[in-house]
Amino acid sequence: MNNRTFVMACLTPLLVFSLAFLALPLIRLFLASGEGDAGWAVYLDILRKPRYLNTLILTVLVSLATTFAALAVSTTAGMFLVRNRFRGRGSLLAVLTLPLAFPGVVIGFLIILLGGRQGLVNQITPGHVVFAYSALGLFLGYLYFSIPRVLLTVMAAAEKLDPALEEAARTMGANPYSVMKDVIIPGLMPSLIASGAIAFATAMGAFGTAFTLATNIDVIPMVIYTEFTLSANIAMASALSIVLGIITWILLLIARSLTGSTVAGGG
Amino acid sequence: MLKSKTKLLQLFVTLSACAFLLVPTILSVMAGLTANYFKGISSGLTLKWVYQVWELYADSIFLSMWLALACLICTLLIGLPAAYGLARHPGWLSRLLEEFISLPLAVPGLALALALLQLYGSMKGFRVSWTFILVGHVLYTLPFMVRSILAVLAAMDLKTLEEGAASLGASPWQRFRDIVVPNAMPGILAGALTVVTLSIGEFNLTWMLHTPTSKRFPWGLPTAMLLCAWKLPRPIRSSFS
């Protein structure tokens, strides 16, 4: 066996596996989306029918809110952790990156413990405060798994940001807010866009968290699930999956072209 | 003065974020260990619930472990030779293939599960067996394994090492076994840890692909999972960047 054949033989298992379990299923998914009663107009239906359109808008709004909240919190915390060295810094970092390993369902469960009917907030505040099953609960759940993802990307960029630039701005009389606005934010911009794209894409596709929390409200992953399992509307479920998949794929492509690193979706 | 005020605000945001992430985790562990969750901690601490989870879900836990192990073996068998092949033949075709197998990282697991179900759902024997879930897990974790090994192989001068071995008469297989595998070991280990962690925690694909005969409910044991997850974020973290 010569060298070339050996290398080709090495690639064969991967080719066979990805052809059988990735390429063909995705082609099948695409074809299935056009096999319903509406034909290929099923993609137009997503925009025409209020049920799907409203869900799409809600999903985008919750994901956007999550993205901006995660960016604000993680940039502040990330800059603080990069610029200051103190005892307990490692522990803070460990806590902030903890949720990376949590599956989305567990995060949903944690939000229920926080804001459910028997949750902590309901117990310690007067009155009946239950927010776990509303858009707020969903937002908090998404925020929970977005903070560490954004934090790691922003911190990696902040390490490379030259502190001398901030000092120069300060000696020239800039106040902290203009330093933030004119020096730090522009310097971090590529990583902010990248981690924002990651956070948005992950929130859009999060099924596990939505599965535990979205009992009263609908988000796209839940609609895909119910269309498929309850209504057996396979064409619509496929079409929504494809739209969702293309959105998240493009966003993560943008993210990667800006930072060169990969982050898994999920949640 | 203003500077210290900014710092104080930053510290406050950082600590609030920590509290937001940590408090529910502690609540969950407490809920798992409190005798009566509705009465609170005053009812005493117990390991009863942990035992109960163990009794109820022991076979699910073993199935999860077994699935993670099988997933690891599959990703190694497919991913190690593939990473070597990709490292030896850098070029646009290899880039494209790498991009393609990384698709499961970007596309939500729900969409992938739906795609798999539609193509193979009619194959009853395959559909109801645990191997169907295994396929989903391998699909999702394979890019981590390939990338992790590829990163190590790309960082060293593989070509020179191999040419040296070849000039001494080593066959391609001998070179793979004696040069590539030992050198790629750090990548293999990092990839293996990531694969096992992700496979144990995977829910989205599993939930869609599972059938009553192959039960696997990761949410039956959130506390146990939290304790596992606590120990393992490091390898995942390193493979993300």
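Q: How do you know how far apart the C-alpha centres of domain 1 and domain 2 of chain A lie?
A: In this predicted model, they lie 33 Å apart. The domains are 1-33 for domain 1 and 39-259 for domain 2, with bounds from an automatic or database domain assignment. Four residues of domain 1 of chain A and seven residues of domain 2 of chain A make the contact, where contact takes C-beta atoms, placed from the backbone, within 7 Å.

A word on the source: this is a predicted model, where local features need pLDDT of at least 70, side-chain atom pairs count only at pLDDT 80 or more, and totals for chains, interfaces and linings use all residues. Residues are numbered from 1 along each chain as its sequence is written, and chains are lettered from A and ligands numbered from 1 in the order in which they are written.

Q: Why are H7(B) and H9(B) called roughly antiparallel?
A: Their axes, lines fitted to C-alpha atoms over the stretch in contact, cross at roughly 160° and come within 8 Å. Angles run from 0 to 180 degrees between N-to-C directions, and those over 145 count as roughly antiparallel; H7(B) and H9(B) are therefore roughly antiparallel to each other.

Q: What makes up the contact of H7(B) with H9(B), by class?
A: It has 13 nonpolar, seven polar and no charged residues. Nonpolar covers Ala, Val, Leu, Ile, Met, Phe, Trp, Tyr, Cys and Pro, charged covers Asp, Glu, Lys and Arg, and the others, Gly among them, are polar.

Q: How many residues of chain B are in contact with chain A?
A: There are 63, meeting 71 residues of chain A.

Notes. Contact = placed C-beta atoms within 7 Å. Helix = DSSP H or I, 4+ residues; strand = E, 2+ residues; numbered from the N terminus. Parallel < 35°, antiparallel > 145°, perpendicular 65-115°, else oblique.
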